[in-house]
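The sequence and structure come first, followed by notes grouped by topic.

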Amino acid sequence: MLRLRQLADPRNDSTMMDIPVYFKLEEIVCPHVYNTYGEAAWSFFDPRLIETLEKIRERINRPIMINNWKEGGQYSQRGFRCIKCELVQDAIRDGRLYVSPHMTGQGVDFDVQGMVAEEVRQWIIKNQNILPWPVRMEAGVSWVHMDVRGKDDKKVYLFAA
Ligand SMILES: [Zn+2]
Ligand SMILES: [Zn+2]
């Protein structure tokens, strides 16, 4: 059972949306979005991603690190990326189309404490029955990229960038 607390949905006063307990907003958005939108930025995410992250965090039972910019760390683009983020700025400058799941609130990059990325991917593959939604992961990289642009007929889909 997911432990979620509820907050009024800024898009609609009469409804409530689930806010995760395990993750803080600053861990999954860049500073630009955090400083501009604050808690309203929760609504930028595909709820399937948040639900999946919470489930994995609960079951793997180890700290998960996405962004750490708020504590002075180097990571700020591993969750939601906005047009001011460097990776997106690079794409704009190069004239490249860029529709990353990181820009649509559908994907994150993360590490799990005490595990290398390949161990985490194998854990997710082995425990795919706990996943509430199909996921995609990038194969062979030293971080875990996971997004919910999966395929309905497959719980875990590995792709090479
Ligand atoms: Zn940004
Ligand atoms: Zn990624």
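In β6, D147 is the bridge partner of R136. The model is a predicted one. The strands β5 and β6 run antiparallel and are joined by two bridges. They belong to an open sheet of five strands with mixed pairing, in the order β3-β4-β6-β5-β7.

**Sheet edges and pairings**

- The edges of the sheet are formed by β3 (64-65) and β7 (156-159), each of which pairs on one side only.
- Strands of a sheet pair through backbone hydrogen bonds, in either the parallel or the antiparallel sense.
- β5 and β7 run parallel and are joined by four bridges; within β7, V156 stands opposite V135.
- Strand β4 (residues 107-112) pairs with strand β6 (residues 144-147) in the antiparallel sense, over four bridges.
- The hairpin of β5 and β6 has five residues between the strands, and G140 in this hairpin takes a positive phi near 75°.

**F110 in strand β4**

- F110 has its place in strand β4 and stands opposite V144 in β6.
- F110 counts as buried because it has 23 C-beta neighbours inside 10 Å, where the cut-off for a buried residue is 20 or more.
- Leaving aside residues up to four places away in sequence, F110 touches I64, M65, I66, R78, W143 and V144.
- F110 and M146 are 36 residues apart along the chain, and their C-alpha atoms are separated by 8.2 Å.

**Helix α3**

- Helix α3 (residues 47-60) lies across β3, β4 and β5 (135-138), and runs at about 10° to β4.
- α3 has 14 residues; from its first C-alpha to its last it reaches 20 Å, close to the 20 Å expected at 1.5 Å a residue.
- The buried residues of α3 are L49, I50, T52, L53, E54 and I56.
- Just after α3, N61 takes a positive phi of about 55°.

**Helix α5**

- Helix α5 (residues 117-126) lies across β4, β5, β6 and β7.
- The direction of α5 is at about 35° to β6.

Key: Residues numbered from 1 in each chain as written. Chains lettered and ligands numbered in written order. Predicted model: local features only at pLDDT ≥ 70, side-chain atom pairs only at ≥ 80, totals over all residues. Pairing = 2+ DSSP bridges. Contact = placed C-beta atoms within 7 Å. Axes fitted to C-alpha atoms, helices over the stretch in contact; angles between N-to-C directions. Buried ≥ 20, exposed ≤ 12 C-beta atoms within 10 Å, placed from the backbone. Expected span 1.5 Å × (residues − 1).
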